[in-house]
Amino acid sequence: MRASFAARIKNGYEHAAKDCLTCETKGACCLDAHFVNVRVSRLEAAAMRDAVGELPLDLRKRVAERTVVAIERYGLRSAEDADAATYACPLFEPGIGCLVHSTAKPLPCIAHACYERQEDLPPDEILDSAELAVANLNWRVYGKATAQLSIPLAVEGVG
Ligand code: SF4
Ligand code: SF4
């Protein structure tokens with residue numbers, strides 16, 4: 001599902017977006033604590049944990065350190081903020097980029113790019129539809145709806 005969604009975004013929309021390879025503020029989109037509000041299903045969290053678990057030890061340690069900081073700093077465990085809080089993503093590694101880019105990148109991250117013109121953005125319905133398909137799969141795997149998790153809570157303790 002993730003690969004199919006990524007292909008749809010790449011083939012249909014990304015040609016109109018700024019090239020991340022030439023970005024002068026690489027990672028701003030992942031580290032902006034006022035912007036990142038990605039939440040993932042339990043199933044996606046499991047994929048992320050597997051992906052992080054396979055990283056080299058030094059990277060896992062850095063993810064673990066950033067994760068602890070993010071949960072505390074942005075109040076991600078508090079029930080009040082659980083669904084709304086924004087945060088800097090611990091999976092962005094300077095010099096590398098998204099550490100789960102090709103393994104477990106969440107759908108909103110796949111859909112995100114910097115577009116000059118509003119009309120070039122992928123329609124919200126495409127993301128909504130892909131998220132619904134993942135939610136249905138999540139339900140089939142776990143037998144119930146499960147809470148959506150911020151990325152730091154999704155990968156907590158893996159390092
Ligand atoms: S999405 Fe935008 S801010 Fe993020 S790396 Fe690409 S061009 Fe830069
Ligand atoms: S999962 Fe990857 S693309 Fe998404 S915010 Fe984190 S580092 Fe950025």
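Guide: Welcome! Ala, Val, Leu, Ile, Met, Phe, Trp, Tyr, Cys and Pro count here as nonpolar, Asp, Glu, Lys and Arg as charged, and the others as polar. With those classes, the shell around ligand 1 in this predicted model has six nonpolar, two polar and two charged residues.

Visitor: Which residues are around ligand 1?

Guide: They are K18, C20, C23, T25, K26, A28, C29, H112, A113 and C114.

Visitor: And how many nonpolar, polar and charged residues does the shell around ligand 2 have?

Guide: That shell has 11 nonpolar residues, no polar ones and one charged residue. Its members are C30, V36, V38, C89, L91, F92, C98, V100, K105, P106, C109 and I151.

Visitor: Let's turn to the helices. How far does α4 reach from its first C-alpha to its last?

Guide: The expected span is 1.5 Å times one less than the number of residues. Helix α4, residues 57–73, has 17 residues and reaches 24 Å, close to the 24 Å expected.

Visitor: Which residues of α4 are buried?

Guide: V63, R66, T67 and A70 are the buried ones. They cover an arc of only 110° around the axis, so they sit on the same side of α4. On the other side, L57, D58, K61, E65 and E72 are exposed.

Visitor: What do the buried residues of α4 pack against?

Guide: Their partners are α3 (42–53) and α7 (151–155). Just after α4, G75 takes a positive phi of about 60°.

Visitor: How does α6 read in the same way?

Guide: Helix α6 covers residues 124–142, and its 19 residues should span 27 Å at 1.5 Å a residue; the end C-alpha atoms are 27 Å apart, which agrees. Buried here are A130, E131 and N138. The face turned away from the buried side carries the exposed residues E125, D128, S129, L132, N136 and R140. The buried residues of α6 pack against α1, α3 and α5, and G143, just after the helix, has a positive phi of about 75°.

Visitor: Which residues have the most contacts inside the largest nonpolar core?

Guide: Those are M48, C89, L91 and A154, in a core of 33 residues. The elements that give two or more residues to this core are α1 (2–12), α3, α4, α5 (107–111) and α7.

Visitor: What is M48 in contact with, leaving aside its neighbours within four places in sequence?

Guide: M48 is then in contact with V40, V100, A104, A154 and V155. One of these, A154, is itself among the residues with the most contacts inside the core, while V100 also belongs to the residues around ligand 2.

Technical notes
Residues are numbered from 1 along each chain as its sequence is written. Chains are lettered from A and ligands numbered from 1 in the order in which they are written. This is a predicted model: local features need pLDDT of at least 70, side-chain atom pairs count only at pLDDT 80 or more; totals for chains, interfaces and linings use all residues. A residue is near a molecule or strand if its C-beta atom, placed from the backbone, lies within 6 Å of it. Helices (H or I, at least four residues) and strands (E, at least two) are DSSP runs, numbered from the N terminus. A residue is buried if 20 or more other C-beta atoms lie within 10 Å of its own, exposed if 12 or fewer, and partly exposed in between; C-beta atoms are placed from the backbone. The arc is that of the directions from the helix axis to the C-beta atoms. Two residues are in contact if their C-beta atoms, placed from the backbone, lie within 7 Å. A nonpolar core is a set of buried Ala, Val, Leu, Ile, Met, Phe, Trp, Tyr and Cys residues joined through C-beta atoms within 7 Å.
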